Amino acid sequence: MLIKMAANATKGQIEHVVERIRECGFQPHLSEGEERTVIGVVGKSDGRRSEVEALRAAPGVDEIIPIANPFKLASRTMRPEGSIIELGKGVTIGGTQVVVGAGPCAVESAPQIEEVAGRVAAAGAKLLRGGAFKPRSSPYSFQGLGEAGLKMMRAAADNHGLLVVSEVMDPSQIELMVRYVDVLQVGARNMQNFNLLRELGKVRKPVLLKRGIAATFEELLCSAEYVLAGGNYELILCERGIRTFETYTRNTMDISAIPIIHKLSHLPMTADPSHGTGRRDKVAPMARASVAAGADAMLIEVHHQPDKALSDGAQSLYPEQFAKLMDELRMIAPAVGREIA
Ligand code: PEP
Ligand code: MN
């Protein structure tokens, strides 16, 4: 359930409610909105629920809202105005600006990431993407450069004023990764790696959670709930295409995920049309559609030599194509009340 405090509730009244929630065996999660504080009450159902419900009569409490969904802290009711996540260097996701991240699928070498970083920064990207730990379908495919790759990526990003987003595959990598990256990406294959999600709940760094290849919106939001319930509210979601019967594209880019997640949740929504289509010539149209549909951020794979890329070359844009796409997105965003950061 959620406890909606009155707009003029005092600090003491809020503290009293928080204390009672704990006494009854639940965990309180505060969302201090512009207008009022909303307190999420979560925990196992063997807590003393009726006593929490009795807080309806407590001073400063406006309303108690039961939430039927299995996701509660992720629900839109928790923060009706939507969440804005600060990534650092003045970049925020979830406001009026649409933030674009771009880069290769994988970090392959220092010159490669330096070249791509320079090109995407010049075109207006704010984030440098690239995997140092790669989840590959085959164990014989390139698995990423690990820490060496993270170092190369950090250096390239710093040279061009970019932030770094990179995938974490396992809880054991978190400690290393937080030293190099600004956003920890959870890949589609790990959307339901609950141990990883639980550990990321303890981190104080933004997490970007991708939708699994066959995950429903409810499953995506339940996975988000793991991170939020751990106390990490710096969470961003991402649509990257789902598996359908269609084989022409690598995945089916579900643009409807953007408005649907915005309706169900306060969390910002990213679109990844590169993995969403798997085909270079389909990335720009789907990116344009994503901005029009209200995406808060975008992740695009870009490589200066895609024919030599160690992974996902077929869906990587040439830097010139990325620059042209950025120009197009700058024209589309104002039509839907946004601007490209
Ligand atoms: C990636 O971003 O390179 C990646 C592996 O993404 P996904 O988890 O969406 O497949
Ligand atoms: Mn990729």
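Predicted model: local features only at pLDDT ≥ 70, side-chain atom pairs only at ≥ 80, totals over all residues.
1. E2 and strand E3 (residues 37–42) run antiparallel and are joined by 6 bridges. To find your place on screen, look for His29, which stands opposite Gly40 in E3. As you trace a strand, keep a general rule in mind: in a regular strand the side chains alternate between the two faces of the sheet.

2. Next comes a hairpin. Strand E5 (residues 85–88) and strand E6 (residues 91–93) run antiparallel, with 3 bridges between them. Gly88 stands opposite Val91 in E6. How many residues lie between E5 and E6? There are 2 residues between them. Check Lys89 in the turn: its phi is positive, at about 50°.

3. Turn to the manganese ion, ligand 2. Which protein atoms are its donors? They are Cys105 (SG), His275 (NE2), Glu301 (OE) and Asp312 (OD). These donors lie 2.0 to 2.4 Å from the manganese ion. Along the sequence, the donor residues are spaced C-x169-H-x25-E-x10-D. Take the pair Glu301 and Asp312, which are 11 residues apart. Glu301 sits in strand E14 (residues 297–301). Asp312 sits in the loop between E14 and helix H11 (319–332).

4. Then look at ligand 1. The residues around ligand 1 include Cys105, His275 and Glu301; these three are also among the donors of the manganese ion. Others around ligand 1 include Arg129, Lys134, Glu167, Arg189 and Arg240. What classes make up this shell? It has 7 charged, 3 polar and 2 nonpolar residues.

5. Finish with the polar contacts of ligand 1. An N or O atom in the side chain of Lys210 is 2.8 Å from an oxygen atom of ligand 1. For Gln185, a polar side-chain atom lies 3.0 Å from an oxygen atom of the ligand. For Glu301, the distance from a side-chain N or O atom to a ligand oxygen is 3.4 Å. How much of ligand 1 does the protein bury? Taken alone, ligand 1 exposes 300 Å², and the protein buries 97% of that.

Notes. Residues numbered from 1 in each chain as written. Chains lettered and ligands numbered in written order. Heavy atoms only, no water. Near = heavy atom within 4 Å. Polar contact = N/O pair within 3.5 Å; in protein donor to acceptor, adjacent residues only side chain to side chain. Areas by Shrake-Rupley, 256 points an atom, 1.4 Å probe, with all protein chains shown as cover. Nonpolar A, V, L, I, M, F, W, Y, C, P; charged D, E, K, R; others polar. Pairing = 2+ DSSP bridges. Helix = DSSP H or I, 4+ residues; strand = E, 2+ residues; numbered from the N terminus. Donors = N, O, S within 2.8 Å, 3.2 Å for Na, K, Ca; no water.
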